Every structure is written in structure tokens, then in C-alpha cells.
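Take a walk through this protein model. Keep the structure in view as you read, and find each residue as it comes up.

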Amino acid sequence: MSLIKNTSYYTLGSILPKIGAFIFLPIYLKYLSPSDYGIVTSLQVINAVFVVLFTLSMPRALYRIYYDYASKNEQRQLIGTVLISVLVLSLVSITIIFLMHKQVQKIYESISFYPYFAYAIAAVFFQALHIIPSIFLQIKERAATFIKVAVSLFFVKSLIILLLIVTYGRGAIGYLEAELIAAIIFLPIYYYIIRKEIILVWKKQMFLNVLKFSLPIMPSILSAWILNLSDRIFIERYFSVAEVGIYSLGYQIAGLVLIFSISFKKAYDPYFYKIANTEERKKAKEKLYKTNYVFILILLFVSFILSLLARDGIMLFFSTDYYNSIQIIPVISLAYLISQNSALLNVMMYQNKKTKFVMYITLLSAVLNILLNYILIPRIGIMGAAYATLISFFAVFVSSYFMAKKTFFIPYNWKKIIPAFSLLMGIYLAFTYTEIESVFFSIVLKVLVVLLLACFFYVNNKKTILSFVKSQK
């Protein structure tokens, strides 16, 4: 039951930081103006691109390449080769960025390079080096260790943020300083944990094998960045960095959909490759079919719960300045639901090393997203960004579904998924168009409905769920 156990670990590890972030967020926003929060989230968006440039996505290749090497010694050399490569590349990249700081600053019209970009980019340098040990712990299914470090990092960073923005009133600068300090503190901790799993040598052939797998992924990751995050740049250009802050709050809350999904995927990817490469094809597909269905069912339910309770949560914990973020949460939640299904299809294509399929799909979808942002954001503001994201993610899913059929395809249980989605959507719309003045009564009623639905879904899918659990033993 390693998949269930590891998913539980990852879910717990994701839930604690998310709960912590949700608790801390109203405190942060009390001391951060919408403009300050907009600066922080805008730079976090850019950091996602810099991480890709600093690493060329080489650490991601470890998921697939690691088990291509049979001996322990070769596996250790592989980790060492990737570490040395990423370190050298990161040093070169950060040097170029600082030399070209005037050009980099043009990304945002209202955010200066010094000190804002400088702190954010320095933090990325250290965070890029975190990725290798983090992925290694997932590959070796050391979920408990992974979670202990990840949760510790979150809380240490949060305490430093609170110290700098609450006690010293340093605003957005303090937030960015805290991210840098926490990244520096935890770098030696990560590598101390995996010190026995690394041989610091650089093997040209290993490097080329990793690069051959990772380079086709880079356009996909950059395109995914456009799909997920580039809308902030448009919002900042057409409106203000304060609007970015409001939009980012809604986007972050919608991101709670990913708590289970990301946790599952951290355990699922190595599990998928292990099953697909070690078991007979038909048997492997049957096992993965059950796994995928249970995952999609839970993801549907989580998305529904979040969308249902979003309005009450915003009204309960945040000031009226942020109420506009309520409208985007259901749209982005649905977009995330679709995108995580696309992630399942990507793994099927990666199994056959068809990384170019994913690249072409995401590149075309990124172009679509930019076009939609350009058309919709000037006209309907942050809702335009939300709809552009939803439409683009749907385009990715449809394209990925048909392309995945040409690879190691695992069918979807549409006969059960579509009725489940329709039922949840109907209940959500019923609550949306029913006015309930009391927030407390609204929450109690919705929680009761959620509990009844949970029982209903379990009873109607009991056989499948128990079969899935049995298959993990």
C-alpha cells in the first residue's frame, strides 16, 4: 500500500502548510497593502520561469532516468552529475540576469529591480538547488522525510516573514527577504539528508541522457507557466499591481484544489513508472485504471467543496477590499481540476518518452492563453484572466487526451465521471443562486450537504474503492 501511504504523507504535508498559509494570510494582508502583496505574487510568478532557466528541468528527468541505471554506484553518480550541472548553470544564469538587470526590470512597469527582483532571484538560486534532494526523496519513496523537511521549511519561512513584516514593518521587501533566508538555511539540511546518495562526479554521458529527456520538457514547462501565471503580467500592465494582489488571493485559495492532487502526484509518478515498467502491460493498465478513477473522483469532490465554501471563507477571513477575488475562485478551481487530469495524461506520454507530444500541446495552448489574456483582460479585468485560464486548460486536456491514446493510454471511466460531475455542478449552482444571509448558517448547511454527498459517493463506489485499496497491497 505504498501509494496510499505515501499519498497520505504527502497530503498531510501539503495540508499543514496550506492550513498554515490560510491562517497566516489574513495576518500577512493586514500588514501588506494590496500593492505589496501584488509585488510579492508578481515576483513569485517570474521565479517560476527562472527556476526552469537555472535548471533546464534536469532534476525532473530523475523521475524517469534514475531507474535506467541498475547499480547503486551509477545512481549516485547520476545525482552528482545533475547537481554539478545545475550548480554551474545556476551560477551562470544569475550572473547574466544581474548584468542585464535593466532589461529584466521591464517585465513589470511598477516593480524596481533593486531591491525586489534582486531578493527574489537570489532566493530562486538556492531554491533551484533544493529541487534535486526533494525529487530524490520522492523517487526513493521516503515520503515521511520529504514531508518533515518541507513542513519545517514552510514554518521557518512563515515565522521569518511574520518577524520581518509584523515586527519590523518591512512590507514586500521583508517577505522577499524571508524567502531568501529560509532557502539558505535549508539548503545544507537537504543535502545532509541525502549525503550518502551522492557521488560528486560529472559524467558526460549521464549529462547527455538527462539533457535529452529534459530539454523537450522545457518548452512544456514554460508554456505551463504561461497558462498558469502570465496573466499577472497582463493585469499589472492594464490595471495595477494592487489588482494583481486581489487576483492572486483568489488564485491562491483556488489552489487549495491542488492539496490532494499534488500530494497524490508526488507519490503517483514514481509508482506509475514502477508499475508500467515492471508488470505485464494488461495487468499494469488495469491497476492504473482503478488508481486513476479513484483519484479523479476525489479531485472532483475536493474542487466542489472548495468552490462551494469559497464565498463564505473570503467573507469570514478577509476585508471587503478582497471580496472581488470571490468570483474567480470557482473558475480557477475548475481549471485546476482539468489541468490535473491533463497531468495524468502527460505521464502516459512520458512513459513512451513522447515528451515532444506534451511540448507541442502546451506550446499551442500557451499561444492561445496569451491571445485570450490580450482580448479578455482589458475588457473584463481579472475575470478575463480566469476565463482565459479555464479555456486554455480545457484545450490542453482535449489535445492531451487524443495524443495520449497513441501511447501508454489508461482509459477514463466516463460512465461514472460525467454523472458525478453533473450532480456536483447542479448542487453548486443551486447554492450559488440561493441567497443565504447568515455566513454561519450557510457554512453549516453546506457542510451537511458535503457529508451526505461523501456518504453517497462512497456507497455508490464502494466496490471500486475497495478494489483499488486491495490492488495497492
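Start at Val88, which lies in helix H4, spanning residues 72–99. Val88 has a relative accessibility of 48%, so it counts as partly exposed. It also belongs to a nonpolar surface patch of about 470 Å².

How far can you trust the picture? This is a predicted model. The mean pLDDT of the protein chain is 84, and 91% of its residues reach 70 or more. Among the elements, helix H8 (residues 171–193) has the highest mean pLDDT, 94. Helix H20 (residues 462–471) has the lowest, 63. Where pLDDT is low, the predicted coordinates should not be read in detail.

Now turn to charged pairs. The count comes to six salt bridges. One of them joins Glu197 and Lys72, with the closest N and O atoms 3.0 Å apart. This pair links distant parts of the chain, 125 residues apart. Glu197 sits in the loop between H8 and helix H9 (204–214), while Lys72 is in helix H4. Glu197 is buried because its relative accessible area is 15%, under the 20% cut-off. Lys72 is at 34%, so it counts as partly exposed.

Next, find Arg170 and Glu177. Their side chains meet in a salt bridge of 2.8 Å, N to O. Arg170 is partly exposed at 37% relative accessibility. Glu177 is buried at 12%.

Asp231 and Arg232 form another salt bridge, with the closest N and O atoms 3.2 Å apart. Both residues, Asp231 and Arg232, are buried.

Key
Residues are numbered from 1 along each chain as its sequence is written. This is a predicted model: local features need pLDDT of at least 70, side-chain atom pairs count only at pLDDT 80 or more; totals for chains, interfaces and linings use all residues. Side-chain values use heavy atoms; hydrogens and water are left out. Patches are made of residues with over 30% relative accessible area and no salt bridge: like charges are joined within 9 Å, nonpolar side chains (Val, Leu, Ile, Met, Phe, Trp, Tyr) within 5 Å. Accessible areas come from the Shrake-Rupley method with a 1.4 Å probe; for residues, only the protein chains shown count as cover. A salt bridge is a side-chain nitrogen of Lys or Arg within 4 Å of a carboxyl oxygen of Asp or Glu. Helices (H or I, at least four residues) and strands (E, at least two) are DSSP runs, numbered from the N terminus. Buried means under 20% relative accessible area, exposed over 50%, partly exposed in between (1.4 Å probe, protein chains only). pLDDT is the predictor's confidence in each residue, from 0 to 100.
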